[in-house]
Amino acid sequence: MGFLDWLVICGYFVVMIAIGVWAKSRIRDAKDFFTAGGKMPWWLSGISHHMSGYSSAVFVGYAAIAYTAGFTLYVWWAIGITFAMLVGSVLFAPRWPRLRQRLGIISPLEYLATRYNVPAQQVLAWSGTALKVFDVGAKWAATALLLQVFAGVPIAWGVLLTGGVTLIYSTIGGLWADALTDLGQFVIQLVAGITMFVAVLSQLGGVSAIWTLWERLPEGHGQPFNGNYTVGFVLVYLLINTLSYNGGTWNLAQRFIAAPTGDSARRAALFSAGLYLFWPLVLFFPMWAAPVLLPNLAEPDQSYALLTEQLLPGGLIGLVLAGMFAHTMAMTSSDANAISSVVIRDIIPAVWKRAQRMSSASELLAGRVSTFLFIALSMGIALSADNFGGVLGLLILWFGALVGPIAIPMLLGMLPMFRRCGPAAAIGSWATGLVVFALVKYVFPGQGQTVEVAAPVLSALAVFVIVGLVAPARDAEADALVDSLNTDQPQTAPAAGGH
């Protein structure tokens with residue numbers, strides 16, 4: 001890291017804060033802070049969804065997978081998300097803004113009090129919030145590791161630097177700041193990713209390396225399935241990605257809630273799907289080439305950072321690092337916004353009844369305070385990442401295993417075919433998933449990554465469906481809500497219960 005590199009990084013941080021300050025002028029109340037007033041255009045929603053879907057953990061944890069397993073990374077991650085978003089563009093994305101239109105929701109969980117009941121809403125809210133603190137902590141840890149490799153900055157200072165900047169613009173600018181910084185970060189990572197792609201092609205001998213590289217890689221690196229990333233693992237993660245990227249990960253639901261209409265949200269989902277299909281081919285190529293350019297690395301998670309150091313001149317290293325920061329800051333700021341909406345609209349009113357009568361100004365202040373506290377707490381987790389299995393352990397195992405039991409009642413509850421799955425199905429599904437995760441992780445360890453990820457989500461799904469069949473719930477208000485989400489046409493729908 002030379003002077004030009006630091007100049008680029010500092011300029012990037014200044015621009016992000018400036019966007020947050022500018023976005024503050026568009027924030028009048030909590031609806032603006034959390035849902036951009038329902039006015040976010042489809043293309044911005046799609047870019048923001050894409051940028052909020054992965055972080056610089058890609059350049060650490062996923063770089064290690066690319067180094068050790070090869071092309072399978074694209075199959076189970078990028079193609080899986082693309083398929084998930086195609087499904088979601090029909091089933092899930094259009095229903096999110098309709099919930100805002102019908103019920104005035106600003107939190108992804110707010111409708112669950114009407115769809116199930118308040119206890120079901122609360123268990124999902126509390127457990128999902130706790131899970132997200134760990135997930136975001138993994139992202140800060142990954143970013144700090146990159147800064148350590150590039151510039152020798154201690155992990156703690158790396159967490160404080162990137163987290164502190166995100167804390168500022170997210171707290172003052174809300175979802176508008178998140179989406180607009182996502183757009184700026186998208187441009188930065190596009191330039192940075194293409195720069196790295198060209199540099200690696202040049203090092204490998206030119207454009208022909210795109211198809212000749214695979215012959216030079218270790219055996220199996222060109223195959224769709226390799227090592228731990230079996231067909232079974234890919235299929236399980238396909239289910240997890242479908243749940244996560246369509247709203248089970250709450251910050252991604254916020255992108256659809258902020259869309260003006262269901263049709264706009266559908267186009268946003270399709271746009272994001274297209275980005276996931278094509279962009280990772282450029283982004284991952286240097287990672288796939290790393291075993292040829294940097295053979296026998298003891299720490300594969302440093303491969304992308306080391307390639308950047310070796311191949312790029314001063315100034316461009318800072319640009320690529322800014323592109324890596326862009327992913328993390330896009331995801332974590334949007335996570336903070338979504339979690340904050342759940343805290344002030346779902347959790348606090350349930351434990352403190354007077355909060356249900358908060359003024360608009362008080363609600364906005366509470367939103368900003370909870371955003372600040374969430375980012376600060378996740379930064380604390382980042383400083384202790386090694387206690388939870390490192391960055392990759394937090395990212396793939398903990399989040400992959402636990403997002404399903406939380407997302408299943410939340411997403412499937414919007415669909416007519418699951419209308420008879422009531423509160424017992426929701427709570428039973430969630431509880432089963434968590435118990436099974438504890439069993440395979442701690443009581444019967446050593447079952448392999450596929451089983452540890454698959455067992456919680458599949459058992460949760462089975463319980464949700466079976467309870468709905470064996471003990472079907474009948475609730476006129478919930479039925480009316482589900483039916484109202486099928487079209488963009490104005491309909492009479494029940495008021496949101498439980499606030």
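Zero salt bridges are counted between domain 1 and domain 2, a salt bridge being a side-chain nitrogen of Lys or Arg within 4 Å of a carboxyl oxygen of Asp or Glu. The model is predicted: local features need pLDDT of at least 70, side-chain atom pairs count only at pLDDT 80 or more, and totals for chains, interfaces and linings use all residues. Residues are numbered from 1 along each chain as its sequence is written, and side-chain values use heavy atoms, with hydrogens and water left out.

Polar contacts are present. They number 13 residue pairs between the two domains, both residues at pLDDT 80 or more. A polar contact is a pair of N or O atoms within 3.5 Å; within protein, one must be able to donate a hydrogen and the other to accept it, and residues adjacent in sequence count only if both atoms are side-chain atoms.

Domain 1 spans 3–390 and domain 2 spans 400–487, with bounds from an automatic or database domain assignment. Their centres, taken over C-alpha atoms, lie 25 Å apart. Each domain gives 40 residues to the contact (heavy atoms within 4.5 Å).

The buried area is about 3400 Å², and carbon and sulfur atoms give 74% of it. This is the accessible area (1.4 Å probe) lost on putting the two parts together, summed over both. On the domain 1 side, R95, R115 and Y116 supply 21% of the area buried against domain 2, more than any other three residues.

Helix α11 (231–248) is among the elements giving two or more residues to that side. Its share, twelve residues, is the largest. Helices are DSSP runs (H or I, at least four residues), numbered from the N terminus.
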